[in-house]
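Please look over the sequence and the structure shown here before reading the notes below.

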Amino acid sequence: MAPAAQGYWGRSTSTIDWCEENYVVSFYIAEFWNTISNLIMILPPIYGAIQAFRDGLEFRYICSFVGLAVVGVGSWCFHMTLQFKMQLMDELPMIYSTCVFLYCLFECFKQENKIGLFPIALLSIFSISVSALYLQWKEPIFHQVMYGILVACLVIRAIYIVTWVYPWLRPLCYASLGIFLLGFVLWNMDNFYCGTLRYARNNLPPVVGAVTQLHAWWHIFTGVGSYLHILLSMQIRTTYLKYRPKVKFLCGVWPTLHIEPQKTS
């Protein structure tokens, strides 16, 4: 828990206050670095959603990109204000967007534009149940466990596909998984070694100290890992449908997936 400093948004009402000291950089942003690090989960997914729409991809992939962007916006609002309502805007979309990821990956070998009503119903019941219980219980560990279960299902399904169906997609799968896992490790370090990290920040120049904001790095690495997972899911699906997915790099750096209109024979 960081010091309970107050700024523009008043007293914190969230059930969690992360390791970054509050209102140190800006009077208007409670956790500055934890806030701006969410840009990686907002801007690239918006571009991805636009590109998926232009390529005429199934609506589920537009929802995947939009879902990740919504998580980024919610996390921005939460860390900027440390208000409980904004915390819900961060945490609940994490559940919903991961359910969309699961739907895409478990329905990737079905007929084009076919809607799987049973998995939608199952994931909807799960999402509604988790939301209702969390709103009643307000226990962050419950949310974290439920989110962890969804991610574990996603990882198992992805590894199965790249092991037995499309082994040539292993590099993309393992890159996504490895980057996400690195973010998870840093998230835990930020929780367990908060006192040490705060002491280091107080004895380092501000710019260097910003590097020790490990929760901000969690946002960056999980944002990149989740984005790469959507690309993996799209590549699996379009390969199955016999389209020709092609990876291109925006500005020579950021990977994007473009779908050529002609199907392979």
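This is a predicted model: local features need pLDDT of at least 70, side-chain atom pairs count only at pLDDT 80 or more; totals for chains, interfaces and linings use all residues.

Residues are numbered from 1 along each chain as its sequence is written, and side-chain values use heavy atoms, with hydrogens and water left out.

**Residue A158**
- A158 is found in helix α6, which covers residues 140–164; helices here are DSSP runs of H or I with at least four residues, numbered from the N terminus.
- With a relative accessibility of 5%, A158 counts as buried, a term that means under 20% relative accessible area with a 1.4 Å probe and protein chains only.
- Leaving aside residues up to four places away in sequence, A158 touches L105, C173 and L232, where contact means heavy atoms within 4.5 Å.

**Helix α10**
- Because 23 of its 27 residues are buried, α10 is largely enclosed by the rest of the structure.
- Just after α10, K242 takes a positive phi of about 65 degrees.

**The largest pocket**
- A pocket is an open set of points on a 1 Å grid over the protein atoms alone, where a 1.4 Å probe fits, with protein on both sides within 12 Å along at least five of seven lines, and lining residues have an atom within 4 Å of a point.
- Of the 40 residues that line the largest pocket, the closest to its centre are Y147, V151, F180, W218 and T222.
- Helix α6 gives the largest share of this lining, 11 residues.

Methods
Helices (H or I, at least four residues) and strands (E, at least two) are DSSP runs, numbered from the N terminus. Buried means under 20% relative accessible area, exposed over 50%, partly exposed in between (1.4 Å probe, protein chains only).
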